Amino acid sequence: MFQFLTTRIFFIVLFFLAAFFINGCSFSSGSQPHKVIQTTIIHINDIHSHLDEEEMDLYFNGEETRVLAGGYPRVAEKIKAFTDSSENLLLLNAGDALQGTLYYTLFGGDADAAMMNTIAWDAFVLGNHEFDDGDQNLADFLEKLDAPVIAANVVPDADDVLSGKWTPYIIKRIGGEPVGIIGIDVKKATEDSSRPSNKVTFLNEIETAQKYVDILKLMGINKIILLSHYGYNDDVDLATHVDGVDLIIDGHSHTLMGDFSNLGLDADAPYPVHRTSKSGEPVCIAQAWAYAKIVGKLDVEFNKEGIITSCSGIPVLTIGDSFKRKDAEGNYTEVNATVRAEILAVIANSTNIEIVGKESRVEAILDQYKAQVDEKKHEVIGHAATDLRHIRIPGHDYLGNKGSDLPFGSEVAPIVSRAFYDRTPLSDACILNAGAVRTNVEAGNISIDTAYTLLPFSNTLFKIEMKGSEIKQLLEDAIFNYHDNGGSTGSFPYAYGLRYDVDLTQPLNHRIRNLEIKERKTGTWSGISDNAMYTIVTINYLASGKDGYTTFKTVQDDRGKGIDTFFDYAMGFVDYVKALQADGKEIEKLPGNEHCIKSYKE
């Protein structure tokens, strides 16, 4: 017991001394009363390599209008305006900078780091997707960053390449007062859905937050911010279970906060959200949607006791000055002067949207990468005969698509599975998770950009030999992870070469029914044989047992590792589209008898 107490006291003293010398300041104590301070928090989250502006549809006076929104040059310009007009500013980035567009696929984090370094972030917290390509890739990315990186609940071994790349917290002096900023990353999603090595340990979010709040309090710091990549719902829960956190700047869940009804957007929560801690003190929570479209601005006042007495602000959607609407032929064209004046009047009378220019220095840096991306992404590789919609769970709305119109689920995921099946001619079937597919595919031209937007991650095609009984268990695992284990809806299984009924009214391991497999040569369907061996193609992410697909890993642990083709999965879709184009064909919805979901029952 004595040894434990001695060790604990040693680390508390060590934390104090480290913070003292790093920040070059002394902290308040009983003889140095705390002060009332005001601070402005500027924050973004979940950029996911969306570095350039992107089209999006808004409603002005009830009319659908296409605009160009976001992008780092525009975000940088808006942040510069905030910096020029505000004092006691904190610039916070709530994680998931990486993974999601060709900027990451082609440059592996270099473009993302270059953009991040154009803004003087006070802190950046690790997100789960920072770990998508392993420890070394993350270490290389962090080496390029100027921003302080924090993550209290992510602990690398001393001999890991990530050792020393971040700290649990930082301390900033605002208005003469020390303010502690603690970093928290989401544990389950990172362990289950990314690729950290076994040399990185992820600790419980709530317990770790409380631990470091207590450490900061022992230093005499009573104003504490959590920079969290834990997700809105979980952070709302955390706020009620931790004492001493005053403010949570959130990420991970891509939550739209604020009232955007005037623009036709349905928000998930007000901005900010107010909760009460376990000890009855106010906690303020804010998030800034995703993809560099919104910059959050939060004005906060702390009293001498470190309690928030005021917390309010506005998330600003940043757009360009182009406004397009569909003409009689269905093409988007620039609006006339009268309509433009009407739109500008709406924007002028709104606080949640602003026309923002592009910071020239940032745009010049981005242009160096953009030229290479543009050269490749506009290459047309085929054509879609009709809109191909994506939802994750049959019957459930997703990406603006009505689930009631899609009782058998995604129209896109089975086609992607077909592409992977065709790319691996010795495979008997393909199995894919719903979360691997990220967008709809609209009718019309399909480009390489379409493929990499649809399949934005750095996955490869992976082949595994499995018994029929193991294939059924794998599908059951995926359903269990989504339905029973608190996993993402992205776990839901889609396939090509397999078809099955899903019945969630049945007990565990009895939800997949009437499982059939397609004979590749003849195209005939028959019941799968429990003891027969089949070759399943998937993506290396799932092959490692991620997202609840545990039987993939179990099979390999028992009988040896499968075969990584090292073939980029997005290129698998590109090749499929190109092959159809060469045959004079378009991509169409799969015939009903080839769709993997025969029926779905909740």
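Residues are taken to be in contact when their heavy atoms lie within 4.5 Å. On this basis, and in a model that is predicted, Phe 573 is in contact with Ile 415, Val 416, Ala 419, Phe 420, Ile 446, Ala 451, Leu 454, Leu 455 and Ile 587, its neighbours within four places in sequence being left aside. Phe 573 and Phe 420 are also the residues that touch the most other members of the largest nonpolar core, which comprises 117 residues. To this core helix H16, spanning residues 569-582, gives the most, with seven residues. Another core, of 53 residues, lies apart from it and includes Ile 181, Tyr 271, Cys 284 and Cys 311.

On the side of H13 the contact is made by Glu 470, Gln 473, Leu 474 and Asp 477, and on the side of H15 by Thr 550, Thr 551, Phe 552, Val 555 and Arg 559. By class, three of the residues in this contact are nonpolar, three are polar and three are charged.

In the second pair, the axes of helix H7 (residues 205-218) and helix H8 (residues 232-241) are 10 Å apart and form an angle of about 45 degrees, which makes H7 oblique to H8. The crossing of these two helices is right-handed. Here Glu 205, Ile 206, Ala 209 and Gln 210 of H7 meet Asp 237, Leu 238 and His 241 of H8, a contact whose residues divide into three nonpolar, two polar and two charged.

Note on methods
Residues numbered from 1 in each chain as written. Predicted model: local features only at pLDDT ≥ 70, side-chain atom pairs only at ≥ 80, totals over all residues. Heavy atoms only, no water. Axes fitted to C-alpha atoms, helices over the stretch in contact; angles between N-to-C directions. Helix = DSSP H or I, 4+ residues; strand = E, 2+ residues; numbered from the N terminus. Parallel < 35°, antiparallel > 145°, perpendicular 65-115°, else oblique. Left-handed = near helix turned anticlockwise from the far one by under 90°. Nonpolar A, V, L, I, M, F, W, Y, C, P; charged D, E, K, R; others polar. Core = buried A, V, L, I, M, F, W, Y, C linked by side-chain atoms within 4.5 Å. Buried < 20%, exposed > 50% of the residue type's maximum accessible area, 1.4 Å probe, protein only.
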